Amino acid sequence: MPDFDLSIRGGTVVTASDTVRADVGIRNGRIAAVADRIEGAARSIDASGLLVMPGGIDSHVHLAQPTFGGPKMSDDFLTGTRSAIAGGTTTVIPFATQPRGASLRAVVSDYHKEADGKCFADYGFHLIITDPSPSVLGQELPALVGDGYTSFKVFMTYADMVLNDRELLEVFDCARGCRALVMVHAEGYDAIQFMTERLERAGKTAPYYHGVSRPEIVEREAAHRAISHAELTDVPIMIVHVSGREAMEQIRWAQNRGLKIYGETCPQYIALTADDMKGLNMDESGGKYVCSPPPRDHASQEAIWQGLQQGVFQTFSSDHCPFMDGVDGKRSPKARTSFKWVPNGIPGVETRMAILWGLGVDKGRIGMNEFVALTSTNHAKMYGLYPQKGSIAPGFDADIVLWDPNRKETIRQELMHGACDYTPYEGLAVTGWPVMTILRGKPVCEEGKILGEPGDGGFLKRGISPYAAK
Ligand code: DUC
Ligand code: ZN
Ligand code: ZN
């Protein structure tokens, strides 16, 4: 009997803390050894010239999420996780979303039915709380946290999701009691409504005005309000999808005061700008860049890099939220009447790692170890998956991406493996690309060819985040 089921030989192992030339031995889906030389495996993969890194963990993706009357999301669990593994990501955490009035338990049970047997990658669930009723906060949420759904998101905008300040405070207080980690969508509802109506009255309804309707001030105000509520209730929060300097500086300010405020940013805030939409109307597909918060300008991109370099942001997630660029998505008849009806969100789970490597590591803005922290390790730590996921050391799940740091690629739709019909990053040239993705010891994608099967991915019951309230 060979000692190992699989060995990865001749590569350079990169973790969040170290870079070493080493072989990796895998047994029963877990890493069993990391050593100078590993012999005696049933199968060996030659990783000479490649980097051996923890599989990506994308802690912010939307799959098969209800859109409350809007167009359907284009990825379900099958196509979304297929896209994830093709991009080097082995774990995703999408959101089980509570419609107002619904029981959280029922929502979670239905979401499991959507996912069961379909996934190419491992997955956990965050919750989205839209209706913090006494039974939700008193019973359902604490019980679900105990069952491994240890984080949830709340919204400060969107008519069918927004929580008012009193509700935010109640929810934060509950999170403190049950030790859930709170993720906050920080954009102010009233300010966006005000801006939207003013733009519409002036006939400014093209997709470009989506960004104008929610400027950085709106995000900064909401971020500051969320931070203040978190301080008042003494609960840590994660402000997600931070788009530019204003909100980033609020988070940095709070961190410098010793508050437990964390930050996430995403590829769209380093690779896109508002100008990508300028002058585009619906026929020219302007809607395909519409996401919230919106991409800003080049100065904002620089601020995001500072946030990544200085540790203001712990996680780099895709916020994958795909809609087709057609009448069934971005260009629905209603969306043609105003930017406010264009579904918010863009695909990105497959391109997340290549974009951060290409624009970050390859351009000398961040190091390889920071890349691993931002795309994998910190997600595992933040969301209660560590030390099962997020590193390469004995005992961890053998979730691995073999990365070619010298491979030049141009991101284009024909390379993608999801169901969406476009990528907003079309034409972006990057150096650095995933060549093989391994899920718990099984190669599931090689050179863009899917080797895995639906059902390879399993549900992850997550532990309490060490970053949540003590
Ligand atoms: N928030 C997200 O997190 N994703 C897409 C749209 C949004 O508003
Ligand atoms: Zn959001
Ligand atoms: Zn999102």
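# Reading charge pairs, cores and zinc sites

Colleague: What kind of interaction do the side chains of Asp397 and Arg30 make?

Modeller: Side chains of opposite charge can pair when their charged atoms come close. Asp397 and Arg30 meet in a salt bridge, with 3.8 Å from N to O; the term requires a side-chain nitrogen of Lys or Arg within 4 Å of a carboxyl oxygen of Asp or Glu. The pair links distant parts of the chain, 367 residues apart: Asp397 is in the loop between helix H12 (368-382) and strand E18 (400-410), and Arg30 is in strand E5 (residues 30-35). Helices (H or I, at least four residues) and strands (E, at least two) are DSSP runs, numbered from the N terminus.

This is a predicted model, in which local features need pLDDT of at least 70 and side-chain atom pairs count only at pLDDT 80 or more, while totals for chains, interfaces and linings use all residues. Residues are numbered from 1 along each chain as its sequence is written, chains are lettered from A and ligands numbered from 1 in the order in which they are written, and side-chain values use heavy atoms, with hydrogens and water left out.

Colleague: Is Asp397 buried or exposed?

Modeller: Buried means under 20% relative accessible area, exposed over 50%, and partly exposed in between (1.4 Å probe, protein chains only). Asp397, at 5%, therefore counts as buried, whereas Arg30, at 46%, is partly exposed.

Colleague: How many salt bridges does the whole structure contain?

Modeller: A search finds 33. One of them pairs Glu249 with Arg245, with 3.1 Å between the closest N and O atoms. These two residues are separated by about one helical turn because they are 4 residues apart in helix H8. Salt bridges with shared partners also join Arg30, Asp122, Lys389, Asp397, Asp399 and Arg440 into one network.

Colleague: Which residues touch the most other members of the largest nonpolar core?

Modeller: In soluble globular proteins, nonpolar side chains tend to be buried together. A nonpolar core is a set of buried Ala, Val, Leu, Ile, Met, Phe, Trp, Tyr and Cys residues joined through side-chain atoms within 4.5 Å. Here the largest has 95 residues, and Leu127, Phe152, Val154, Ile237 and Phe371 touch the most other members. Helix H11 (residues 352-361) supplies the largest share of this core, 7 residues.

Colleague: What distance separates the zinc ion (ligand 3) from the zinc ion (ligand 2)?

Modeller: They are 4.1 Å apart. The protein donors of ligand 3 are His60 (NE2), His62 (NE2) and Asp319 (OD), at 1.9 to 2.0 Å from the zinc ion. His62 lies in the loop between strand E8 (56-58) and helix H1 (77-86), and Asp319 in the loop between strand E17 (315-316) and H11, so the pair ties together parts 257 residues apart in sequence. His62 counts as buried at 4% relative accessibility, and Asp319 counts as buried at 8%.

Key: Donors are N, O and S atoms within 2.8 Å of the metal (3.2 Å for Na, K and Ca); water is not among the atoms, so sites may look incomplete.
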